[in-house]
Structures are given as C-alpha cells and as structure tokens.
Amino acid sequence: MEHNTKPVNAVEMNGIVKVFGNRPVLDQVNLEVEKGSVHAILGENGAGKSTLMNILYGLYQPDGGTIKINGQQVEMKNPSTAIATGIGMVHQHFMLVDVFTVAENIILGQETTKGGAFLDMDKAKQDVLALIEKYGLDVDPDAKIEDISVGMQQRVEILKALYRGADILILDEPTAVLTPQEIDELINIIHNLVNDGKTILIITHKLDEIKKSADKCTIIRRGQYIDTVSVKDVSQSDLADMMVGHQVNLKVAKTLMNPKHVIFEVDDLHARDVRGVEVLKGLSFKIRSGEIYGIAGIDGNGQKELLEAITNMIHVQGGTIKINGKEIQNTTTWNTITSGIASIHEDREKRGLIPDFSVEDNFVLETYMKNPFSIKGLMKQKAISDFAKKQVQEYDIRPNGCEKDLIRGLSGGNQQKVIIAREIANNPDLLIAMQPTRGLDVGAIENIHKTLLDQRDKGKAVLLISLELDEVMNVADTIGVIYDGKIVKEMPQDQATEHEIGLLMAGGSANE
Amino acid sequence: MNTFTLLIGVALMYATPMVLAALGGVISERAGVTNIGIEGMMTIGAFTGAAVGYFTNNPWLGVLAAGLAGGLTAILHALASITFKADQTVSGVAINLIGPALALFFCRLCFDGSAVTEPVNAKLPKLFGDNATGILANLNVDFMVIIAILATVIMWIVLYKTKWGLRIRAVGENPAAADTLGINVEFVRYVCVIISGILAGMGGAAVTLSIVSQFSQTSIAGQGYMALAAVIFGSWLPHGAFLACILFGLAQALVVVLGGGAVSVPSEILAMLPYVMTIIILIFFAGKSRAPKANGQPYIKGKR
Amino acid sequence: MNKFTSLLRKPITGTIIAILMGFLCAAVILACAGYNPIHALSAMLQGIFGRPKYMANIIVKATPIILTGCSVAFAYKMGLFNIGAEGQYIFGALAACLTGITVNLSPWLEIPLILLAGMAAGALYGALAGWLKAKFNIHEVISGIMLNWIAMYFSNFITGMEAFHKPNTSGTFPINVSGFTTFFPNWKATEEAAQFMKDNPFLGDILRTDFNAGIIIAIALVLLSSYILYKTSKGYQLRAVGSNRYAAEFAGIDVKKNIIETMMFAGLLAGASGALAIMGNNPHAVLEIAAFEGNGLNGLSVAFIANGSPIGCIFSGLLFGGLLYGGQSLQYVVGAPTEIVNIMVGTIVFFVALKDIIPVIADKMEHRAATKKLVDQKEGASS
C-alpha cells in the first residue's frame, strides 16, 4: 500500500491557534505523531494540552492551523468527522450514561438495528464481547455503568472507541483515577493496542508514566509548543524542567511533625450514599494536634461520604464523630463549622463559592452574620471590604484589588486561595482539605501545600483527602488507606511505600 | 355498576387531553428540556382545533391543525431553550402568556369579537356510535381516547426499543457523552420539543372537540400543569404518565358524577378536588422518582 | 469596540431590546390582522398619556402588579418561581375583604388592620408552597398553579356564603368605608365635591378615578424588600442560596428554612397587593370569578421585565399598567382585540428570557478581535 519511502505520520497538527474569550490558550502549536507509536503530550494543568486534543477530536474548532490524518488534510467539524477518520477519545471525565448498560453505552450513536430502527441488543453484545476478548478488556456488557468501578468504566470508554474502528486513540489523563496496579494493566492494554497497529496519544502531567509507556513526548507550556523529544533520551527531571519552564523541586520541603493530644476522632462510622447503599462500613481514625492525616484511596470508596458525614450534609447510621471530645454527628452543618471544623470541598465551584457574589462577599460566607460584618442583622459593607483587602494582600490573591470583582472572573488557583483564606480565618481546630489542588498549576499547588503545613505547625489538625497518591505521600504525616468504606491500614508517612499503598487501595493486602 | 362505568367513561374522557400533553412532557424532558409551556401550547391547540373543526366541519382536520399549531409554538420554546440557552422556566412562562393571548386574539378576529368560538357541529366520533345505550353509552368514549392509548404504546416502543429512543435518553442524561459520539444534541432536542408541542396541541383539541364543543378562556384550566405533575408522578415513563393522568381523570370524573346532586358538597369545594389531589400525589411521589439528569440544563459545548 | 461591547453587557440593554421587540412583534401581528400598526400605537399612547385621568387609572392598575411583581422578584432572587402569587393575591384580597366587612374602626386603625390581614393570609399561603418545596421537593411552579386554582374556588365558595354575599351581585358586601384608601371617600360623594371637581378640571379628573394611597404603601413595601435583600444579613443569606444553594448549604446555611421564609415573604407581598386592591378599587369587595384576574400572574411578567430587581418592578409595573390600560383604548379606537397587549407582554418576557445571549455576542466580538490581533502579530513577526 505504502508508496512513499518515508512513513506517513498518523497525526500532523500545524500552527494550531485557539482563543477562549479574549485569552489565547493555544498559540501556533505543532504536533507530529508516528503511526503505531505511543506519543505523550506533557504539560501542566491549563497548559492547553486537553484543548489541543479536543480540537483533534472535533469538539472545538481551531481559530487557525491545519490538521492532517495519515497525510490527508481534514477539517474536523465535529466528533463525527473525527470518528469517521478513525480517531477515538477517552476523556478524563468519562462520557458515559450512568443509567445505561455497558453495551448500550458502547453502541450509542452507532447502534446495531433490525430494520434500521429497532435495537438489536443480542447482536450488539456479541460484537462487544468479540472486542473484549481481542484486547483483553475484561468487563460485563450487561452491567450498568453506575454499578461498575472507575477502572472498568475506563475500559468501556476504550471499547467505545474501538467499536467505532478507531486507529488513533487519545487518552486524556488516563491514570488520574487508577491505582498503581490498574495503571500497570492499562499500560499492558496500550501495548496490546500498539501491537495491533493502533496509534496512542496520552495527555498527562505524570512523568513516570511517560517514561514507562511512551515513545515520544511533546511538551506544551502556557499554550506554546516547547519541544518534541524521544522519551528514552531524557530524564524525568529534564521533562519536568521543560514542562514548568524553570527548575522544580519535586518534593515538598517539610519538617517532622510534632503531634500532641487527639483533636479529632471518627469511630466506627456507618453511612449510606444517595442511592441508599452503605458506603461507610465502620470507618475509624484519629488526628492529633500538629498532624496532617492523609487519606489515600481510589475515588468512590467512601471519601465523599466521609466529608459529607463530618460536615453533616448527610446523616450517619452509626458511629461517632468527635472534635475536642464533643460529638457532632447527625447535627447540622452549621454545628460542624462552629465546633471548629473548616472544610475545603473538592468541587470548588459547586460547594465553595457563590459565583455571582463579589470576592469580598465570598470572604464572609460563614461569618456574614457576625460582628463586625453585620450588626443587629444589618450588613456592614465597609468592615467586609477592609477584611477582604487584608486577606487579598496576605494570601497574594490576584489580580490585586479584586475585592469588588465577581469571583467567577478569578482563575481557579486564586478562587481556591479565597476559599482557603476564608476557612483559615475561622481559626479552625481541624482543617479538612479534599482534593485541594485539583486542576491547579504547580505554583498554586506549592502554595496550598505550604498553607496546610503552616496549619499543622500552628498545632492544628489537618485532614487531607486526595485521589493523587503523590500528594498524600508528599504532604501527610500519617497515611490511612481507605477501601470499601473503611480505613484498611494506617502508617506513618516515612514507612509507607507506593507499592504497598497501591495494593491496599485496590483491596489487596501487603502480604500478597 | 352503572355509576362505576360512567365514572370510568368520564375519567377516560377527562384524562385524554392530559395524557397527550403528559406524553409531550415525557419526550421533551427525556431529551433534557423542561417544558412548562405545555399549558400554552394546549391552549393554542384547543383554539385551533375548535376553529378549524368549526370552519371545515371536520373534527379530524381540527385535531391535525391543532397538532401543527402546537408544534409551531413549541419551536419558540426550542429556539429559546436550545439555541439561545435561555432559562427554560422563563421561556415556558412566556409561552404560557403568549399562547392564551394569541388564541383569544385570533378567536376575537375569527368570531366577531367573541371570546368563545361557535360550537363545532361535528364532534369527534364515538367508539360505539351515536346510538349506544346502557353500559356502552357510559363507556362510549371518543376516538381521541384510543389515539392517546396508542400514542402511549408508540412512545414506549420508541423510547425503549429503537435507536432513536436510546439517543433521546442519552441526550437527556448526559448530552456531552452523546455529543462526543457524534449525536447532534441540539437536533434531537429540537425534534423532541416540537413533538411535545404537537402532542400538547392535540391534547388541547381533545378538550374542545370531544369534551366541550367550543373554545373558551377556561377550556384549558391547568391541565398542562397537571400533565407535568403526571410526568413526575409517572417517573418520566410513558405508561407511568398515562396511569397518573387516568388518576387525575378519575378525580375530575368524581367532580362531575358527584356534582350531579348525589352528594351535598358545594360545587366549589368539589371543583378543588383534582388540584388538591395533584398536590397530595406529589407529596408522596415527588421526592422518589428520578428525573433525567440533564433535564432543564442547556447544553453548552466544552462545559462540564 | 470595547465601549460598544461593554454597553452590550449592561443588563438594561437587553431589557430595552426586549421591550422594543415586544412592540415590533405586536405591530407585525396587528398589521397581519389588517390593522394599521402606527395608528394603533398612537391610539395606545393617546390612551396612556392623553388625560390626567388616564394616568391616574394606570397608577391604580399598576399598584397591585408592582407588588406581585416584587413578590415574584423577591422569590426569584432565591431561585424560586412564585407563580403562586395569584393564589396568594386571592387569599390576601379575601382576608382583607372579610376583615373590612366585619371590623369597623377609625381609618388609622382600620387600614393597617386590613393590610395586615391580607399580608398574613398571603404569607401563610406562600409559606405553604415553600413548605411543599422544602419538605417534599415539589416544584413550586406546579404546586403554585394548583394552589392558585384551589384559592380561586375557595374564594368563590366564601363569596357565595350567605353571611358575606351581597344579594343581587356577584360578590361580597363592600368593606367599611373606613378601610378605603381612596382619597376623601366620604367627601367625594357630596355636592361640594362635585362642584370642586367641576372647578378644577385637572384635580377633578384624577379624583373621579379610583386613585388611592395604595401606590404609596406599595412603593414603601418595594423599598423594604430591596432593603432586606441588599442591606441585611438575612438578605445576604437568601441571595447566597439563590445564587448557589450547594455552596450555601456547605457554608452551614439552612436552605430549607430559607425556602419557606422566602416564600412566606413573597406571599406577604402578594397578599398585601390583594389587600390594597380591595381597599383602593371599586367595588371594594371580592367578586366571584370564573378565571384568574391575572394580578398575580402578571407579576411574573413585571418581575422578569424588571430583570428581577424589586425597585425595577415599580417601573415595569407602570409600563405594564400603561400597556393594559392603553390597550383598552386600542379596542375603542382601532377595534383590535385587547389581547394584543398580552401578546406584547408575553413577547417581551420571551425576549427577556433570550437576553442572556447579548453578553455572549459581546464575548464573540471580543474573541474575534483577539484572534485577529494574535494572528496579525504572528504574521507581523514572521514577515
């Protein structure tokens, strides 16, 4: 078939420009991907790598530049064009219909039918099973998406692309929600696919995975193309420097903890999720003053419900939650706050902010009714402004002087700083941070980790719940691994290994 | 037995307009568009049905025209809520303001300034002909009832057994997922909203061409909203909505049958019954049924 | 460019465009129906501004809908659609009427008492819808409509009761004159007053209408609502819930309690509107009705046109009142059905719903400019 001596690139993107609002997110970015290779796109959060891939998949229209697939110039009008040209994409946030079965999700949009209209689910299942066997992607076609694990859902996403005959597969941050063991399985699957002649594009900011799986790597920084390198020729720290643009220290600098008495205690907690399924099954742990307790685990093992139980967003069926010896379970959210607990929710925009309020009004979301912010039920805007001005200075929230602006206009990192400043201003005995650095860039992440450590050093207790194992390993003093609604093992940070925690997160035990 | 069959017959008669409207609500909300404007679309349909039925002497043409008028009105709602991503409740409320106003405006134009249409000579035909007696007379409902039952069955088949149904449900649950698979979310939503308008329009005609024989300001008095309650009560299922409407129809039938003088309850108190019952039913069911996840949210590409 | 886009972003721009579109659509419909739209429009303007009497009548018409509009706007600040304002209005009017019939005190006590009765009844009925929402998650639009019909039939039932029904009319007895808010109700019936009105055509024109003190009370209540919303900690709480109930909940705010309280206050405003209508307008009694009068439902339009601002409701209420009243002369003069006014208002509300597109258009224009600038820079750099 091939007449040229030089192999044709599977993907060639040239001079891609994309502007959101009046802010350029991609500025003349190039990408060349060899057929049959694994190619990583490396960049920080917000560097523009997902946008670039969304353009390749036809979800966004570029404001400039060209795309060639297998040497042919293609205008990616919409995902249908991309699918027709043999491109498949697995999004970071899975694009699945929760109430549909695996098979229904896979065939959606390209259904097998009888008479052109009526669904032929038997045929569909056979087709899906054939793919499952070919690539070793173990999953039950009749299971409902809401009932299967995140790892399985990812396989469904890969199957969706393969079912549509994808030759080029884009994986957006595929390992963010997986255990180390599941990551190894995924890398195996990727190798199976490459052996079958497929081309794989991986969007990531994790350096070790690039080293493990990719052949080439293209680095993007703040919307600019930096370089494309052969992975075997560079070290992890080379990659990190190219990604961030300056020398980075991969470890958090921290002193040893100096723990004292127990401040916070959860004992034998039982709770159900919205569907009425028990998800906390006797969870217990303690946090001492001057300690950061990190909870590591895969999404969906009860982390969300733990936070909701502590903050009294849900009722518990059994067990106790004590702060400074006082039981607070099954009371009100307000009681949690006034008992000295501050919390940073993982969903910043939904749970943390009032987007239509100004920055200064967001600062008093939990104190607006207290002196000096309001006196006898009347708001004192001057006092609020003064307070906000002080906080904006202290936490270096940008742009400077943004107190009167709507908070929705701030960047994610600055919004998070507002939330943290607000929560710490309450002078809490326990600060809970759930996924506090999600979606933030390196600078903001460092800043937030430092704030958590400061709290600890002031003799407060800190509870860090994170899906990023690296974050827990770097920041926490004590690590508890959560699996199936229980803390299955607890260990001091200096005795923890990534391998052991990974096994525990997946429900195994260290002795296996 | 006689009273019972009479009750059933009257219940079916009153339920039919609501069944059609509720099916419209089901398909629109299954695709993710809340359609509060159903009441306004019903009113437009009620007038169009009565007017066309009167001028052509053919009730079926009236029903057809009513469906068309309802569908046209629905395009407005689709334009606002899908293309312009407007607040769907505000748009629906606007439709409910415009619908009755337009209906009355044209009524006055066509019927010499009168706010009611002339009665149609030919109402919709009855199941057992015009000369049925006894129980058959009690159960002698018109063909709209059959159409409503058929529509329910067809909608169930479409939603659960065809590829279009799979796509509609996907669009209402997770439009972003559907979009990434090459399904045109806006197109699916447009089609569903327009179908919902057609059904609501026909529902309106079912009032003015079978229950009463003319259009007036009170022909459509909350049936559209009751249909929406039936959608919730029926868990967004076609057959669920159907049964819910039958229940509401029974309440109406009780008003009619009891109002005949058998019981000495003031008519105003009796008239409240369907409305009170709707609230009571919702008290028991509103929290329990699960709405399509993306219902009421405009789909904006690239926004999670 | 920036000036133009920032002008487009102003909320009032969308409202003005929506109002113009409403007039335009009405003109097109009138033209299609065979009426001269310019003639019709001038007849309408004549009917609004032609005589002092007209303007007095417009204020009378606007008074209740300013308050129901404010009721809807207040609830909307919390994300609630108070379509039940009609029912709350009916209950307010009914309670006011019954109080005014049975109690007879001096005007200084009678008027506040009747107003309080109306507000209490409306507040209770509003709280009921709020409770249904908070406790059972019933959408307030559906429960609101049902409660409207229940209120209507209940009102008809009471009106028909022997104790209150005025024989040979379709309504109750009027309230005691001490509860009238019309200016100088007793004096107006005298010969002396007739002479005065003849001598002073301007004042006389106004005095012959139902022009009453209700508008002052209405404006006071609107200002109070605005004050509560923007200057008190309660208002802060309520706006926080309305803007993002999930974040408010996570900050320890009791959302359910807020829903009930907000609906209660919204009901209070609608109830006050009913009471003012009874005290200010002839025949100062509740009548039996076959369909809604629309004072509550029109509040929805008023609130949306006001962009959800309580103070804005004063202006949009006057606009709406003007359209309603001027629409009548449209029928006298041109012969076009008055429903054209409702079509116009519905169209305005429809375009108000669409107006969020305008900032998006502004964004797109800025986007295009930014893209062009970026590409130009690159080309300049490379050449």
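**Exercises on the interfaces and on chain C**

In this predicted model, 36 residues of chain C are in contact (C-beta atoms, placed from the backbone, within 7 Å) with 38 residues of chain B.

The model is predicted, and local features need pLDDT of at least 70, side-chain atom pairs count only at pLDDT 80 or more, and totals for chains, interfaces and linings use all residues. Residues are numbered from 1 along each chain as its sequence is written, while chains are lettered from A and ligands numbered from 1 in the order in which they are written.

**Exercise 1.** Determine which elements of chain C give two or more residues to its side that touches chain B, and classify the residues of that side.

*Solution.* Step 1: the elements are α6 (107-136), α7 (140-159), α15 (297-305) and α17 (339-354) of chain C. Step 2: by class, this side has 27 nonpolar (Ala, Val, Leu, Ile, Met, Phe, Trp, Tyr, Cys and Pro), two charged (Asp, Glu, Lys and Arg) and seven polar residues (the others, Gly among them).

**Exercise 2.** Describe the side of chain A that touches chain B.

*Solution.* Step 1: 22 residues of chain A are in contact with 19 residues of chain B. Step 2: α2 (79-84) and β8 (118-119) of chain A each supply at least two residues of this side. Step 3: α2(A) provides the largest share, three residues. Step 4: the classes are 13 nonpolar, six polar and three charged.

**Exercise 3.** State how many helices and strands chain C has, and what percentage of its residues count as buried.

*Solution.* Step 2: of its 383 residues, 55% count as buried (20 or more other C-beta atoms, placed from the backbone, within 10 Å of the residue's own).

Key
Buried ≥ 20, exposed ≤ 12 C-beta atoms within 10 Å, placed from the backbone. Contact = placed C-beta atoms within 7 Å. Helix = DSSP H or I, 4+ residues; strand = E, 2+ residues; numbered from the N terminus.
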